[in-house]
Structure formats: C-alpha cells, structure tokens
Amino acid sequence: MAFKHLSTLFILGAIQIASAALTKRVACPDGKNTATNAACCVLFPILEDIQTNLFDGGECGEEVHESIRLTFHDAIGFSPTKGGGGADGSIITFDEIETAFHANGGIDDIVDLQKGIIAKHNITPGDFIQFAGAIGVGNCPGAPRLDFFLGRPVAKAASPDLLVPEPFDTVTDILARMGDAGFSPAEVVALLASHSVAAADHVDPSIPGTPFDSTPGLFDTQVFIEVQLRGTVFPGTGGNQGEVESPLLGEIRLQSDHNLARDSRTACEWQSLANNQAKMQAEFKAAMLKMSLLGQNKANMVDCSEVIPVPKALTTKPHLPAGFSPSQIEQACASSAFPALTADPGPVTSVAPVPPS
C-alpha cells in the first residue's frame with residue numbers, strides 16, 4: 001500500500017512539473033511583464049498607451065463605447081457573397097471610404113483617435129481595433145474577460161457598403177445580414193449585450209451620448225430589462241429614424257433593440273438574459289470572439305488573451321428601475337414568463353446622459 005501511495009505521489013509530481021514546463025513564461029523586453037508567448041510582449045506598452053491616452057486611465061466611458069462599436073463595424077464588413085475582409089482593420093486603413101457609409105455615421109472620431117495611437121506602435125489596424133475593444137470591455141465592471149488573438153494582416157481593400165445593420169432595419173433584414181456573416185439569432189442577441197455599456201451620438205443629434213440603459217458604466221443585464229418596458233417618452237426631439245419611445249428620460253431606445261426584444265425569433269433569448277449575468281457574460285464572450293475572427297485564420301494567430309485586464313466584479317443585481325412595476329413589462333416570449341425582479345428603491349429620476357468626448 002505504501003509503495004502504491006508513493007507511486008501516486010510520484011505521478012502527480014511529474015504531472016505538476018510537466019504542467020509547469022508547458023506554461024513557462026518569458027520575460028518581456030520592458031522588464032515589467034511576462035508572457036506565455038513572446039509575441040504577446042509587444043502588446044503591454046500598447047495596453048498602457050490605450051488605458052492612459054484613450055480610455056482616460058481605464059474608465060468605462062465614451063471612448064470605450066465608441067471602441068466597442070468600432071470592433072463590430074469593422075468586423076461585420078464580411079460576406080461570403082458580397083466581399084469584405086471582416087475584422088481586418090479596413091475601416092481605419094480605408095477610412096476615407098468606410099467612414100462615409102451611412103451606417104458608420106460619427107465613427108470617424110474614434111477612428112482618428114485610434115489612428116494616432118496605432119502610428120506609435122508596431123501593430124496592424126485590425127489587431128488594434130479588436131485589442132482596444134477587448135480592453136475597453138474589460139474596463140466595465142461585470143464584463144467578461146474577452147479573448148484576443150494577435151496576427152491580423154493589413155487590409156487589402158475597403159469593405160463594401162450596406163453590410164452594417166442599421167437600427168431602422170427590420171428584424172428579418174438584421175437576422176439575414178448577420179446570418180450571412182455566420183451568426184445565429186441567439187448570437188445576435190448576445191452581441192447586443194454591448195448595448196449595456198453603449199450610447200448613441202447620432203440617432204438623435206440633439207442629445208449626443210445618451211445611453212441605452214440606466215447603468216451605462218456597468219456591464220449588466222439592465223438593457224435586457226429596460227428595453228422590455230413599455231416606452232412612453234422620447235428623451236430628445238423624437239421622430240428620429242431608428243428610434244422608438246423609451247421608458248425613461250435620458251435613455252434612448254433603438255428601434256432594432258425594441259423589435260428584437262419582441263420578435264418571436266429572438267424574444268425568448270432576449271428575456272433569458274434579463275436576470276442571468278453569467279449567461280450574458282458567457283454568450284457575449286463567445287460571440288465577440290467569433291466576431292473578432294471574421295475573415296481571419298485563427299490557426300495563424302497567437303492567443304494573447306492573458307494581456308487583457310480582468311474586469312471588476314459586478315456588485316449590483318438585476319432590477320426594475322425605480323417607480324416601475326412588472327405590469328409595465330411588455331411580455332413577448334410565448335414559452336415562459338418574464339423573470340421576477342426586485343424594484344430599485346431609489347427615487348424616480350431620469351438617467352443622466354453620458355457626456356460626449
């Protein structure tokens with residue numbers, strides 16, 4: 001018995017030594033960091049530059065919102081039939097062409113900011129866009145730690161126009177466009193978790209920086225709750241293309257979000273995320289990885305996910321905004337009821353818009 005016990009310890013020790021050897025880290029030239037793969041070392045000074053000079057010291061603010069938007073607008077420029085290189089940075093490399101597309105309205109500001117940082121480092125626009133987006137998400141409490149793969153070549157051509165869905169598109173058109181790029185309806189809903197930390201600048205130009213939910217600095221499920229509430233007011237001028245009434249002043253609601261939350265093809269998936277933070281994190285992380293690799297060969301890339309900062313944990317719980325009751329939920333999923341939620345005990349107030357940069 002003693003011999004058998006010693007043999008077991010020997011085997012376990014050998015496994016631990018082998019495992020340690022497989023995960024041996026290399027020292028990076030900056031003298032401060034280590035990496036599993038030396039190719040990832042180039043990212044640490046870029047990370048520091050991004051956090052300091054783009055994200056205001058690591059905030060989940062306006063530039064983060066815009067950088068997340070940019071990851072999608074660059075990557076979704078991909079179609080097996082219509083062309084486009086996907087997540088290749090073409091929106092920066094060929095910015096004079098792509099920023100003129102209607103769907104990319106206002107995106108030139110973040111493109112210009114990112115171009116200035118790219119010029120200082122040895123990184124392609126395609127890699128930078130996805131790297132900055134992953135870092136930005138990580139600045140938002142409650143977010144998952146996104147994966148990042150390094151190795152996108154410089155884009156060879158601009159994306160064709162009309163590949164980025166618009167907020168006034170029908171659900172059928174949105175699902176068809178996203179399906180053409182390889183995304184299921186459930187993955188479309190998962191990607192829209194980004195609207196938890198997003199804002200609109202150009203849907204209603206009179207109120208730039210208006211968020212989509214009441215907690216724009218947190219990656220939480222509130223957007224999946226609040227979009228399901230009955231809309232009663234326009235936060236700004238009203239009558240804008242792609243906008244419908246919101247339940248709160250200071251909060252803007254996209255027509256596409258409203259419709260996806262109520263369409264039979266997506267309503268139950270939307271509802272399933274209303275009080276399930278862990279599911280929202282997992283499905284968003286998987287969908288974002290898939291999006292970030294559109295048009296790329298993952299086998300030729302290096303996994304540098306370890307460079308992405310670990311987000312802070314969320315300390316709040318899913319809730320109805322103050323002054324709202326379950327009767328104001330517009331039930332859309334036919335197979336199950338909307339989950340029970342606690343009410344926010346705070347005073348009824350309008351949501352403060354995120355100030356534009």
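This tour moves through the pockets, cavities and selected residues of one predicted protein model.

**Before selecting anything**

The model is predicted, so local features need pLDDT of at least 70 and side-chain atom pairs count only at pLDDT 80 or more, whereas totals for chains, interfaces and linings use all residues. Residues are numbered from 1 along each chain as its sequence is written, and side-chain values use heavy atoms, with hydrogens and water left out.

**The whole chain**

Display the protein as a cartoon. The secondary structure comprises 13 helices and ten strands; these are DSSP runs numbered from the N terminus, with helices being H or I of at least four residues and strands being E of at least two. Of the 357 residues, 51% count as buried. Buried denotes under 20% relative accessible area, exposed over 50%, and partly exposed the range in between, with a 1.4 Å probe and protein chains only. A contact is defined by heavy atoms within 4.5 Å. Among contacts between residues at least 6 apart in sequence, 71% join residues at least 24 apart.

**The largest pocket**

Select Arg69, His73, Pro167, His195 and Leu254, which lie nearest the centre of the largest pocket among its 39 lining residues. A pocket is an open set of points on a 1 Å grid over the protein atoms alone, with protein on both sides within 12 Å along at least five of seven lines; a cavity is a set where a 1.4 Å probe fits but cannot get out; lining residues have an atom within 4 Å of a point. The space in this pocket amounts to about 940 Å³, a volume being the space filled by probe spheres set on grid points that are joined across faces, edges and corners.

Next, colour the elements that give two or more residues to this lining: α3 (62-75), α8 (171-180), α9 (185-191), β4 (199-200), α11 (255-260) and α13 (277-292). Helix α3 supplies the largest share, seven residues. By class, the lining of the largest pocket holds 23 nonpolar, eleven polar and five charged residues. Here Ala, Val, Leu, Ile, Met, Phe, Trp, Tyr, Cys and Pro are nonpolar, Asp, Glu, Lys and Arg are charged, and the others, Gly among them, are polar.

**Ser67 in helix α3**

Remain on helix α3 and select Ser67, which lies within it. Ser67 has a relative accessible area of 0% and is therefore buried. Leaving aside residues up to four places away in sequence, Ser67 touches Leu54, Phe55, Ile110, Gln114 and Gly133.

**The second largest pocket**

Select Leu162, Leu163, Val164, Asp169 and Arg177, which lie nearest the centre of the second largest pocket, lined by 22 residues. Its volume is about 310 Å³. Helix α8 gives the most to this lining, with four residues. The classes here are nine nonpolar, five polar and eight charged.

**The two cavities**

Rolling a probe the size of a water molecule over the atoms shows where empty space is left. A search of the whole structure finds two cavities of 30 Å³ or more.

For the largest cavity, of about 70 Å³, select its lining, which includes Thr71, Gln130, Gly133, Phe148 and Met288. Helices α7 (125-138) and α13 each supply at least two of the lining residues. Five nonpolar, four polar and two charged residues make up this lining.

For the second largest cavity, of about 40 Å³, select Phe212, Val227, Glu251, Ile252, Arg253, Leu254 and Asp257. This lining has four nonpolar, no polar and three charged residues.

**The annotated binding site**

Select Ser196, Asp213, Thr215 and Asp220, which an unreviewed UniProt entry annotates as "binding site". These positions follow the numbering used here, feature names are shortened, and annotations may be inferred rather than shown by experiment. The four are spread over 25 residues of sequence yet cluster in space, with a largest C-alpha distance of 9.6 Å.

Zoom in on Asp213, in the loop between β5 (210-211) and α10 (222-226). Asp213 is buried because its relative accessibility is 0%. Its side chain reaches the backbone nitrogen of Thr215 at 3.0 Å. Thr215 is placed in the loop between β5 and α10, and its relative accessible area of 15% makes Thr215 buried. Beyond residues up to four places away in sequence, Thr215 touches Ser196, Asp220 and Gln222.

**A last stop at Pro80**

Finally, select Pro80, in the loop between α3 and α4 (90-93). At 60% relative accessibility, Pro80 is exposed.

Conventions:
Polar contact = N/O pair within 3.5 Å; in protein donor to acceptor, adjacent residues only side chain to side chain.
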